[in-house]
Amino acid sequence: FRTLVEQADNVQLYKYVVHMVSHSFGKTATFMPKPIFGDNASAMHTHQSLWNGNSNILYDENDKLAQFSQTGRYYIGGILSHASALCAISNPTTNSYKRLVPGFEAPTNVCWGLANRSAAIRVPMYNRNIEKNKRLEYRVPDPTANIYLLEAALLLAGLDGIKNKIDPGDPIEENVYKLSAEKKREYKIGSLPVSLKGALNALKSDSGFLEDVFTKDFIDVYTELKYREYVAFAQTPTAWEISMYADA
């Protein structure tokens, strides 16, 4: 556990060391979310706790379900309510959405659970009665995210949830991947964007929660640059497309 900037620095240092050590052995390391078809994808699950001095605000020893506070629930509610817009920062490349595909292990459903690895957010339940360990895990981000932007955006989304008392509802303990569309509607489980364009569209319509820290100019320039990436990707034939359609 570290503060936001310290932990972001650690992530950058880790990636740098992996790249350099690989290079020294004549290898190339990649942090692309989905570099190889048919193989597991790479994620950047992000664990968060919220502290006031020496007190973990997410912890409530009297909560029988998960020793998780109501303030913590509001924090989760904020992240889930802004999850689509957050994808523009947490999953910022066209390759990101080759990982976020329904039916596989990557989370695509906007819900939370207790130790439920099919939910976008889970509350780890390894130990009870340990205040410092109480945290949430956001399972959506991938390693192409700028960790500094990601941490700030998640914090702002969570704080918006606390400010506006956005309750995420009851935790989902079923395997979300196996739920029918009808059940998902009953549980009010939404879906993440299926493309970078979808994420950027969501950010354009839902950026107010960021603007205390991210200036409007920054958000406008960021989305414009990312739209250019999407357009270039959308116009570029791939080897798979050529193999499928060249003789059509």
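Helices (H or I, at least four residues) and strands (E, at least two) are DSSP runs, numbered from the N terminus. The model is predicted: local features need pLDDT of at least 70, side-chain atom pairs count only at pLDDT 80 or more, and totals for chains, interfaces and linings use all residues. Residues are numbered from 1 along each chain as its sequence is written, and side-chain values use heavy atoms, with hydrogens and water left out.

**View 1. Asparagine 91 sits in the loop between helix H3 (83–90) and strand E4 (109–110).** Asparagine 91 is buried, at a relative accessible area of 0% (buried means under 20%, with a 1.4 Å probe and protein chains only). Beyond its neighbours within four places in sequence, asparagine 91 is in contact with Leu86, Ser96, Tyr97, Arg99 and Leu100, and also with Val140, Pro141, Asp142 and Leu196. Contact means heavy atoms within 4.5 Å.

View 2. A disulfide is a pair of cysteine sulfur atoms within 2.5 Å. By this rule there are zero disulfides. Cysteine 87 is in no disulfide; its nearest cysteine sulfur is that of cysteine 111. Cysteine 87 is buried, with a relative accessible area of 0%. Cysteine 111 is buried too, at 5%.

**View 3. The largest pocket holds about 730 Å³ of space.** On a 1 Å grid over the protein atoms alone, a pocket is an open set of points where a 1.4 Å probe fits, with protein on both sides within 12 Å along at least five of seven lines; lining residues have an atom within 4 Å of a point. Grid points are joined across faces, edges and corners, and a volume is the space filled by probe spheres set on the points. The lining has 25 residues, and Arg2, Gln7, Thr46, His47 and Glu151 are the closest to the centre. Helix H1 (4–24), strand E1 (46–48) and helix H4 (147–163) each supply at least two lining residues. H1 gives the largest share, five residues. By class, the lining has 15 nonpolar, seven polar and three charged residues (Ala, Val, Leu, Ile, Met, Phe, Trp, Tyr, Cys and Pro count as nonpolar, Asp, Glu, Lys and Arg as charged, the others, Gly among them, as polar).

**View 4. The second largest pocket has a volume of about 440 Å³.** Its lining has 13 residues; Phe37, Lys98, Phe233, Thr238 and Trp240 lie nearest the centre. Helix H7 (216–235) and helix H8 (239–245) each supply at least two lining residues. Seven residues of this lining are nonpolar, three polar and three charged.

Note on methods: Buried < 20%, exposed > 50% of the residue type's maximum accessible area, 1.4 Å probe, protein only.
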